[in-house]
Amino acid sequence: MRDLQRAIADIPPGALDLLTIFGVVLSALLVHGVTFRVLRRLAARTPGSVDDVYVAHAWRPARWILVAIALAGVRRPLRLPERWDDLWTQVAGLAVPLLMGWFAIVMIRASVKAVEIATDVSVADNLRARRRRTRSAILGRIAIIAVGFITICLMLLSIPSIRSIGVTLMASAGLAGLAVGAAAQPALKNIIAGIQMAFTEPIRIDDVVIVEKEWGRIEEIRLTYVVVRLWDERRLVVPVSKFLEESFENWTRTTSGLLGSAFFWLDPITNVPRLREHFETVVRADPLWDGRAFVLQVTDTKPDAIEVRILATASDAARAFDLRCSLREGMLAFIRDEMPEALPRRRVAIDGRPEAAEGAAA
């Protein structure tokens, strides 16, 4: 034991300090590895994958936080020169807020991911799932911006030179704020609109909308813009403020079920009850029909034709479009093959004139 103490006493102070730092860093990494190995096993045993998401996201920032805690705990025993001690304090003042902010942002992203896993938007009745996913996505981005801003402020406040000129900066903050606000008015307008959208919910993820005369689904909602996936796989990027200031169609605002319609122009002598009977057969046999309602009606008349409208319900917009096409094709095939007399035609009446006929004979 005495030989070991003498050997340690013979080590130069600088080398001993480096060995101490190396030892505490290695210990922190070992603690981190063992802790997260246990957490992964516990998460694997629980049903669902939400806790797995938190463990996976926290792994990297937690490692550096444990290293920072270990270095902070070993600072006092170290025999550092004054300038190195000041540098240590300065680096710690920057690193601690940075690591805490990083960990908070990672946990916010993990929470958003957990909501996405827990909410399945592929089911038929997905209104609640889309509502939760939309709100978590928008509020998550707002929280990340707020945490990032606070982190930067705390890091700057740890620098004495910046802290000393804080009074001057605050005195000029009013004019600077007006100038920045005037220059960034469109961006601020969309950010405020994004916050408002998180609570009013005029649109949600996977909503079917018609905007700018284009049909599509809400694919992504950012803080300042919305991405709409159009029916032909194009992407329409729309400012958030547009959905709060201008009118647009939302086909899935309260439910995803829709009523599809198709129109036919037929001859006035058409046997409408027979056509209605066949329409019922076609609708009931179509797997795209959701079983709620269907109807065939004469909605308009013209001198040489009548307008026949068919209506049928479907569970969502995509199925409603396909159902309309299927019913339209089925009814046209029936009219062509079984009721050709129902096809519209023009009638011309030729009035005979006896006086003209007698004059010609004379």
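**Close-up views of a predicted model**

**View 1. E233 sits exposed in a loop.** With a relative accessible area of 55%, E233 counts as exposed (exposed means over 50%, buried under 20% and partly exposed in between, with a 1.4 Å probe and protein chains only). The loop that holds E233 runs between strand 3 (225-230) and strand 4 (235-239); helices (H or I, at least four residues) and strands (E, at least two) are DSSP runs, numbered from the N terminus. Look at the backbone here: phi of E233 is near 75 degrees, a positive value in a residue other than glycine. Most residues other than glycine have a negative phi.

A word on the source: this is a predicted model, in which local features need pLDDT of at least 70 and side-chain atom pairs count only at pLDDT 80 or more, while totals for chains, interfaces and linings use all residues. Residues are numbered from 1 along each chain as its sequence is written, and side-chain values use heavy atoms, with hydrogens and water left out.

**View 2. K213 also has a positive phi.** Its phi is near 60 degrees. K213 belongs to the loop between strand 1 (208-211) and strand 2 (214-221), and it is exposed, with a relative accessible area of 84%.

**View 3. Strand 6 shows two faces.** Follow residues 258-266 and you will see the side chains alternate. Strand 6 pairs with strand 8 (residues 305-314) in the antiparallel sense over 9 bridges; two strands pair if DSSP finds at least two bridges between them.

**View 4. The largest nonpolar core has 26 residues.** Such a core is a set of buried Ala, Val, Leu, Ile, Met, Phe, Trp, Tyr and Cys residues joined through side-chain atoms within 4.5 Å. L275, L296, I310 and L327 have the most contacts inside this core. Strand 6, helix 11 (272-285), strand 8 and helix 12 (317-338) each give two or more residues to this core, and helix 12 supplies the largest share, 7 residues.

**View 5. L327 and its contacts.** Leaving aside neighbours within four places in sequence, L327 is in contact (heavy atoms within 4.5 Å) with F279, V282, V283, D286, I310 and A312. For a further stop, a second, separate core of 18 residues includes I138, I203, V209 and V238.
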